[in-house]
Amino acid sequence: MVNTVSLRNNSEAGLFGAMRLSVYLVHNDNGCIEYIGEKRLDYYDDFTPYVKYTESSTEVIITFYAKYSESNLSIHIM
């Protein structure tokens, strides 16, 4: 079974200086989409938030980097 992790910008109109990302797991074998959660990342004048993926055979770890912190989200993909 092959799955895909998908991040979608879910920011509402008028949200300034930040973005909201919705995290989904797509089951490629049957097309089912599973909602995992949401993450807000704030922008600063001297820093743009970013995301890094680390993948193994059984999970994907998404690291969200903000100016003063980082957080991880682990998603089981098998």
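Strands here are DSSP runs of E with at least two residues, and helices are runs of H or I with at least four, numbered from the N terminus.

A word on the source. This is a predicted model, where local features need pLDDT of at least 70, side-chain atom pairs count only at pLDDT 80 or more, and totals for chains, interfaces and linings use all residues. Residues are numbered from 1 along each chain as its sequence is written, and side-chain values use heavy atoms, with hydrogens and water left out.

Now the overall dimensions. Along the principal axes, the C-alpha atoms fill a box of roughly 40 × 25 × 15 Å. The protein has 78 residues, and 26% of them are buried. Buried means under 20% relative accessible area, with a 1.4 Å probe and protein chains only.

Next, the inside. Which residues form the largest nonpolar core? There are 11, among them Val5, Met19, Leu41, Phe64 and Ile77. Strands E2 (18–27) and E5 (59–65) each supply at least two core residues. E2 gives the most, with four. A nonpolar core is a set of buried Ala, Val, Leu, Ile, Met, Phe, Trp, Tyr and Cys residues joined through side-chain atoms within 4.5 Å. In soluble globular proteins, nonpolar side chains tend to be buried together.

Let's look at one core member, Ile62. Leaving out residues up to four places away in sequence, Ile62 touches Val5, Leu7, Val23 and Ile75, among others. Contact means heavy atoms within 4.5 Å.

Conventions
Buried means under 20% relative accessible area, exposed over 50%, partly exposed in between (1.4 Å probe, protein chains only).
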